[in-house]
Amino acid sequence: KVLAAFVMLGISLALTALRWHFSSTRLITLPTTLRYTWISQFYGLFLPGTASADIAKGVAMTANRDSTCATTLAASILLERFAGLGSVVILGLVAHSLQPFLVHVPRALTAVAALVGFILLACFPILLRLALRPFPQTTRLLRPREIARRLDGKLWGTSVALSFAIVATNVTFYWTAYLAAEGNALWIEMATYTCLDNL
C-alpha cells in the first residue's frame, strides 16, 4: 500500500506537469514542465505554502532561461492553479453530495453548487476574453491577450480534465496511505476530506 501511494504521487506530478503544458497553451514545452514540476515539488516540501513552490518554479525557470517571458510563465501558472482550484471545489462538492461527511450542508445545495461551478469552469476561456475586452490594447496586456486568444475550448477542456484526474489521483494517494496506516475510511469520504484539506 505504501508503494502504491508512492506510485500515485508520481502519477499526480506527471499529470500536473501535463496540465501546466496545456495551461500555457503549449508555449512551455512538456520536458520543461516535467522538470520544473519536480523541482517545485522538492522546494514545496521545505518552503511554507503552495505558492512558494510556484515562486521557486518561476525563479528556477527564469534563472536558467527556460522561459524568456515572465508574463507567459505567470499566466500559465495562474491558469493551472485556477483549473486545479475549480476541480478541487467541484469534486469536493460532488463527494459531499454522494456521501455527506464532516460538513453538515444539504446535499441538494452542494450538488447545485457543483453543477454551477462546473459550468463556470467550462466557460472560463470565453469569460476571460470578455474580461480583457474593455481594457485598451497595451503592451502590458499583450501576452495575457495572446494566451486568452490561444486558450480554446479543447486546450482548456484538457487542462480541466487533467485537473480532475490530478485531484482523483491525490485522493487515491491519501486514501492508500491512510489504508496503509490501517485506517478504514471510504474513498468518497477521503475525497471530501482531501478537498477540504487542499482548500
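Here are some friendly notes on this predicted model, point by point.

1. Let me begin with the overall fold. The protein chain has 9 helices and 0 strands. Read from one end of the sequence to the other, the pattern is α-α-α-α-α-α-α-α-α. The chain holds 199 residues, and buried residues make up 40% of them.

2. A word on how the chain folds back on itself. Taking contacts between residues at least 6 apart in sequence, 64% join residues at least 24 apart.

3. Next, the charged pair. The count comes to 1 salt bridge, and its partners are the side chains of Arg19 and Glu80, with an N to O distance of 3.4 Å. This pair links distant parts of the chain: Arg19 sits in helix H1 (residues 2-23) and Glu80 in helix H4 (residues 70-98), 61 residues apart.

4. Are Arg19 and Glu80 buried or exposed? Arg19 has a relative accessible area of 5%, so it counts as buried. Glu80 is buried as well, because its relative accessibility is 1%. The cut-off used here is that buried means under 20% relative accessible area.

5. The packing of H8 on H9 deserves a look in the viewer. Helix H8 (residues 153-180) and helix H9 (residues 187-198) pack with their axes 9 Å apart, at an angle of about 110°. The two helices are therefore roughly perpendicular to each other, since angles from 65 to 115 degrees are placed in that class. H8 passes H9 in a right-handed crossing.

6. Which residues make the contact between H8 and H9? On the H8 side they are Val167, Ala168, Val171, Thr172, Tyr174, Trp175 and Tyr178. H9 contributes Trp187, Met190, Ala191, Thr194 and Cys195.

7. Thr194 lies in helix H9, and it counts as buried because its relative accessibility is 2%. Leaving out residues up to four places away in sequence, Thr194 touches Val171 and Tyr174. Val171 and Tyr174 are both among the H8 residues in the contact with H9.

8. The axes of H1 and H8 come within 8 Å and cross at roughly 165°. That makes H1 roughly antiparallel to H8, because angles over 145 degrees are classed that way. H1 passes H8 in a left-handed crossing, whereas the crossing of H8 and H9 is right-handed.

9. Now the cysteines. How many disulfides does the count come to? The count is 0 disulfides. Cys123 has a relative accessibility of 32%, so it counts as partly exposed. Cys195, by contrast, is buried, because its relative accessibility is 2%. Cys195 is also one of the H9 residues in the contact with H8.

10. Finally, a residue at the surface. Arg149 is found in helix H7 (residues 142-150). With a relative accessible area of 59%, Arg149 is exposed, because exposed means over 50%. The C-alpha atoms of Arg149 and Leu128 are separated by 9.3 Å, with the two residues 21 apart along the chain.

Key:
Residues numbered from 1 in each chain as written. Predicted model: local features only at pLDDT ≥ 70, side-chain atom pairs only at ≥ 80, totals over all residues. Heavy atoms only, no water. Disulfide = S-S within 2.5 Å. Buried < 20%, exposed > 50% of the residue type's maximum accessible area, 1.4 Å probe, protein only. Salt bridge = Lys/Arg side-chain N within 4 Å of Asp/Glu carboxyl O. Helix = DSSP H or I, 4+ residues; strand = E, 2+ residues; numbered from the N terminus. Axes fitted to C-alpha atoms, helices over the stretch in contact; angles between N-to-C directions. Parallel < 35°, antiparallel > 145°, perpendicular 65-115°, else oblique. Left-handed = near helix turned anticlockwise from the far one by under 90°. Contact = heavy atoms within 4.5 Å.
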